[in-house]
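Try each task before you read its solution.

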Amino acid sequence: MSTIGYIGASLCLVGVLSSLFSISHIVSDINSLRSEVEGRVDEFKVLADDTWQRKDANYCPCPARRDSKTDSVHEPPAASQNGGYRKAKRH
């Protein structure tokens, strides 16, 4: 083999080794990014669960209260299907 052949083969070897090193570095970066995203998703899940628990704790369907003067029951306003409130029925 001539000198040009050895130089070409060594350049190819350097290229292959640098490609393997680059691939391992890219895989490592992807794994660290995946771990970071999973951690943030877990934080989001905790935050979302906490928000739903606080929302449910703040929503208290008021029990019917009795008017001591007329001895009648006043119903709390009922939620409509679109999320608003409609007027309670009067007795």
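## Exercise 1: A nonpolar patch

Leu13, Val16, Leu17, Leu20, Ile23 and Val27 together make a nonpolar surface patch of about 560 Å². Keep in mind that the model is predicted.

**Task.** Find the element that holds Leu13, and decide whether Leu13 is buried or exposed.

**Solution.** 
- Start with the location: Leu13 belongs to helix H1.
- Next, take the relative accessible area of Leu13, which is 51%.
- The cut-off for exposed is over 50%, so Leu13 counts as exposed.

## Exercise 2: The annotated segment

**Task.** Which residues does UniProt label "transmembrane region", and what are the helix and strand percentages over residues 6-27?

**Solution.** 
- The unreviewed UniProt entry puts this feature at residues 6-27.
- Over residues 6-27, the chain is 100% helix and 0% strand.
- As a check on the extent, the end C-alpha atoms of this stretch lie 31 Å apart.

## Exercise 3: Salt bridges along the helix

**Task.** How many salt bridges are there, and how are Glu38 and Arg34 placed in helix H1?

**Solution.** 
- The count comes to three salt bridges, taking a side-chain nitrogen of Lys or Arg within 4 Å of a carboxyl oxygen of Asp or Glu.
- Glu38 and Arg34 form one of them, at 3.2 Å from N to O. Because they are four residues apart in helix H1, about one helical turn separates Glu38 and Arg34.
- Glu36 pairs with Arg40, with the closest N and O atoms 3.4 Å apart; both lie in helix H1, four residues apart.
- Arg54 and Asp50 meet at 3.2 Å, N to O, and these two are also four residues apart in helix H1.
- Glu38 is partly exposed at 41%, as is Arg34 at 45%. Glu36 is partly exposed at 43%, whereas Arg40 is exposed at 55%. Arg54, at 45%, is partly exposed, and so is Asp50, at 33%.

## Exercise 4: The whole chain

**Solution.** 
- Mean pLDDT is highest in helix H1 (residues 3-58), at 92, and lowest in strand S2 (residues 73-74), at 54.
- Across the protein, pLDDT averages 78, and 62% of the residues score at least 70.
- Finally, buried residues make up 0% of the 91 residues, and the accessible surface is about 8,600 Å², 62% of it from carbon and sulfur atoms.

Notes: Residues numbered from 1 in each chain as written. Predicted model: local features only at pLDDT ≥ 70, side-chain atom pairs only at ≥ 80, totals over all residues. Heavy atoms only, no water. Buried < 20%, exposed > 50% of the residue type's maximum accessible area, 1.4 Å probe, protein only. Areas by Shrake-Rupley, 256 points an atom, 1.4 Å probe, with all protein chains shown as cover. pLDDT = per-residue confidence, 0-100. Patch = residues over 30% accessible without salt bridge, like charges linked within 9 Å, V, L, I, M, F, W, Y side chains within 5 Å. UniProt positions renumbered as here; feature names shortened; annotations may be inferred.
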